[in-house]
Amino acid sequence: MEALLGKNIEDLKAVCVKYGLKPFAANQMVDWLYRKRVRDIDGMTNLPKAAREAMMRDYEVGRTAYSDVISSSDGTRKYLFPFGPGVEAVMIPDKDRSTLCVSSQMGCRMGCRFCMTGRGGWHGNLDPAGILSQFMEVDEATVLTNAVFMGMGEPLDNWDSVRRVIDILTAPWGFAWSPKRITLSTIGVTSDVRTGESPLRRFMEECSCHLAVSLHNPFPEERAELMPMEKAFPLEKTLSVLKEYDFSGQRRVSFEYIMFAGINDDKRHADALARMLRGMECRVNLIRFHRIPDSPLMPSPLPVIEQFKTRLNNAGVLTTLRASRGEDILAACGMLSGKGKKI
Ligand code: SF4
């Protein structure tokens with residue numbers, strides 16, 4: 001069965017024609033799918049019964065419900081979805097915001113050493129229906145205000161599907177969200193061996209969502225120790241692409257920097273980072289590392305993080321320490337394993 005979820009108006013017009021419906025029925029279908037949020041085709045009651053019945057032989061709405069949920073003492077909730085060996089999405093409440101940290105792949109093939117997802121390997125891409133199911137099935141679905149593509153997977157390694165979801169989230173006939181409510185986090189995928197295109201450049205050109213780049217170390221050899229994909233996608237190249245774009249308006253770029261004790265947290269790193277980002281309209285988000293099992297990596301002590309932050313701010317690079325959420329339920333940054341309650 002093919003999913004209707006994830007299709008845009010043009011795709012749905014083609015579906016309509018196949019079942020003898022006028023193309024404008026696609027407008028009714030997007031309304032049912034993305035606004036009224038029906039779970040089955042039979043619920044699209046303003047379409048003729050015969051067309052619905054014929055369609056149901058080939059198609060389904062394609063929403064997948066979560067299989068488990070666990071709540072943190074800080075209100076963060078982690079949902080488990082039954083895709084591949086397990087995919088997690090995290091809902092983070094914060095004052096008047098409800099942000100969904102969404103997954104784009106079943107696992108990840110980037111292999112970052114500090115990340116539980118990377119350790120579990122890659123088990124395939126999520127299709128648009130799988131990504132949209134996370135938005136539509138969590139208990140807070142109707143009150144979500146923001147989304148961050150920071151869950152399991154590298155979103156620019158599955159850009160076609162992620163782009164389709166962003167299109168639906170921001171289309172007037174879809175969720176009608178402003179792109180400013182969406183942030184995509186990437187290690188900086190600057191080339192695709194299959195197509196020769198740069199997914200990072202495509203992201204910059206094809207949408208206007210905010211960008212967060214996982215930086216973690218300004219020195220290439222040291223960064224490669226933490227993030228083996230530095231060799232394939234050098235940070236230098238990522239920065240040279242980003243420097244072609246203007247971030248002085250509404251669109252923002254931030255650099256994520258997880259602080260590891262004795263690895264990337266001394267003056268040398270802070271000064272190199274400041275030199276590297278000088279002249280860019282950006283912000284650095286420092287993140288406390290959450291220990292993962294069987295890893296020698298340790299979190300930097302808080303005073304060291306504060307000194308690092310002050311040094312960067314004094315060098316003119318706007319730097320903040322990001323609050324950590326959901327650590328007790330293994331929902332914080334780098335802790336998603338797709339195993340739900342178990343680690
Ligand atoms: Fe993949 Fe992100 Fe984990 Fe790196 S940090 S392995 S890119 S999910």
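On the side of domain 1 that touches domain 2, helix H1 (9–18) and helix H2 (25–35) are the elements giving two or more residues. H2 gives the most, with 4 residues. Helices (H or I, at least four residues) and strands (E, at least two) are DSSP runs, numbered from the N terminus. By class, that side has 6 nonpolar, 2 polar and 5 charged residues. Ala, Val, Leu, Ile, Met, Phe, Trp, Tyr, Cys and Pro count as nonpolar, Asp, Glu, Lys and Arg as charged, and the others, Gly among them, as polar.

Some background on the model. It is predicted: local features need pLDDT of at least 70, side-chain atom pairs count only at pLDDT 80 or more, and totals for chains, interfaces and linings use all residues. Residues are numbered from 1 along each chain as its sequence is written, and side-chain values use heavy atoms, with hydrogens and water left out.

The domain assignment, automatic or from a database, gives domain 1 as 2–60 and domain 2 as 68–329. Between them they bury about 1200 Å², 57% of it on carbon and sulfur atoms; this is accessible area (1.4 Å probe) lost on putting the two parts together, summed over both. Leu5, Tyr34 and Arg37 supply 46% of the area that domain 1 buries against domain 2, more than any other three residues.

Next, charge pairs. A salt bridge is a side-chain nitrogen of Lys or Arg within 4 Å of a carboxyl oxygen of Asp or Glu. Arginine 164 and aspartate 11 form a salt bridge at 2.6 Å, N to O. Arginine 164 is in helix H6 and aspartate 11 in helix H1, so this pair ties together parts 153 residues apart in sequence.

Last, rings. There are 12 aromatic pairs, with ring centres (six-membered ring for Trp) within 6.5 Å; planes under 30 degrees apart are stacked, over 60 edge-to-face, the rest tilted. Tyrosine 34 and tryptophan 173 have centres 6.0 Å apart and planes at 40°, so they count as tilted.
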